[in-house]
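Subject: Structure handover

Hi there,

Here is the structure I promised to pass on.

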Amino acid sequence: MYSIVWCCLLVLSFVADAAVPLRGNCKVGRWGQWSSCSSLCGPGEKTRTRQITHNGTDCPTTTETSSCTGSCNTNCEMSDWSKWSPCSASCGSGGTTTRTRTLVWPTGNQSHLCPETTEREACNQFGCPVDCVVGRWSKWSICSYKGFHTRTRKILVRPIFGGLPCPKDVSEDEPCKPGPMSCEVAQWGSWGPCSSNCTGEQSRTRMIVKSGFDCPQTIQKQLCGSCVRNCIVGRWSKWGPCSVECGGGKEIRTRKIKQVAANGGKPCPTTNETHSCNQQHCP
C-alpha cells in the first residue's frame, strides 16, 4: 500500500517539474535550448521554444527571441563542383561553359557569407568555318569557229577556318554547232609618220586573217606632232601595307605623272589603284 502511494507521489512530482500551470487550465513545458545565432558575423537573433502540454485559457508565448552576435568565424561547407556543362556555342567568341556546387551548411540568410556556387568560363573561342561560295554560271559564249562555247562563274567567298573548299570547275567548255565563222584579225602594225610637224595625225592598221562576223576595226588614228603632247606616267609603286590586320582591308599603290597631256594628246590614266587584303575573319 505504502509503495503504491510513494510511486504516485513520485509521478506527480515529475509532472509538476515538467509543466508549469498558469492561469486557467493551460500548461506549458520547459524552454528548449537556444538556437544558433542567425548571423555568422555581426548582430543577429536567436530563439527558443516550449510546447503547450495542456490546452487551456490564457496560454503564454511559446517562442522567445534574444539578440546575439555572430563570431565572424565562418566555415562554409560546400559540395564538390559538378562537371563543366557543354559549351553554349560551337565556335565564335560568345561561348560559355558552367559548373555549379551547392551550399551544404549554413543555409538561409547566412549563405551570402559563403563562396560562389556557380563558375563560368569562355569556351570554343575560335573562328567558325566559312564555306566557299560561288556565283551562278554565266551565259554560254558565242560558239567559236572551232565548235566550242564557254561559260564561267566567280568565287564570291573563299573558305576559311576549315570551311568547304571551292569547286575546281569555275569554267566549262562544251561542244556546239558553229554558226557563221568568227572574224580573226592580226596584230596591229606600227604607227605611220605624222602628217604635220606641229599638230598632225598618224595611223596604224591590222589585217583580217579570216573573214567572219563581228570583225573589229582595222584602222586606228591618233594625234601627233611636237605640239601634241601625250601624258606620260611612271611605273607603279609597290603595294602599300594593308589598312587592317583582319576583317577586310585595302592596300594602295600609286604612280607619278611625268608629263601632262597637252594639245589634244592622250589624257593621263589613273594614278591610284586599290586592292582588297586580309579578308580573313578577326579572331
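Let me start with the largest pocket, which holds about 260 Å³ of space. A pocket here, on a 1 Å grid over the protein atoms alone, is an open set of points where a 1.4 Å probe fits, with protein on both sides within 12 Å along at least five of seven lines. Grid points are joined across faces, edges and corners, and the volume is the space filled by probe spheres set on the points. Lining residues, meaning those with an atom within 4 Å of a point, include Val 130, Ile 155, Leu 156, Val 157, Arg 158 and Ile 160, as well as Gln 279, Gln 280 and His 281. The lining divides into 5 nonpolar, 5 polar and 1 charged residue; Ala, Val, Leu, Ile, Met, Phe, Trp, Tyr, Cys and Pro count as nonpolar, Asp, Glu, Lys and Arg as charged, and the others, Gly among them, as polar.

Before going on, the background: this is a predicted model, in which local features need pLDDT of at least 70 and side-chain atom pairs count only at pLDDT 80 or more, while totals for chains, interfaces and linings use all residues. Residues are numbered from 1 along each chain as its sequence is written, and side-chain values use heavy atoms, with hydrogens and water left out.

Next, the salt bridges (a side-chain nitrogen of Lys or Arg within 4 Å of a carboxyl oxygen of Asp or Glu). The structure has 5 of them. In one, the closest N and O atoms of Glu 64 and Arg 48 are 2.5 Å apart. Glu 64 belongs to strand 5 (residues 63–71) and Arg 48 to strand 3 (residues 41–49), so this pair ties together parts 16 residues apart in sequence. Strands are DSSP runs (E, at least two residues), numbered from the N terminus. Glu 64 is partly exposed at 28% relative accessibility, and so is Arg 48 at 22%; the term covers values between buried (under 20%) and exposed (over 50%), with a 1.4 Å probe and protein chains only.

Another salt bridge joins Glu 273 to Arg 253, with 2.8 Å between the closest N and O atoms.

Finally, Glu 174 sits in strand 13 (residues 171–175). Beyond its neighbours within four places in sequence, Glu 174 is in contact (heavy atoms within 4.5 Å) with Trp 140, Gly 147, Phe 148 and His 149.

Happy to talk it over!

Best wishes

How values were computed. Helices (H or I, at least four residues) and strands (E, at least two) are DSSP runs, numbered from the N terminus.
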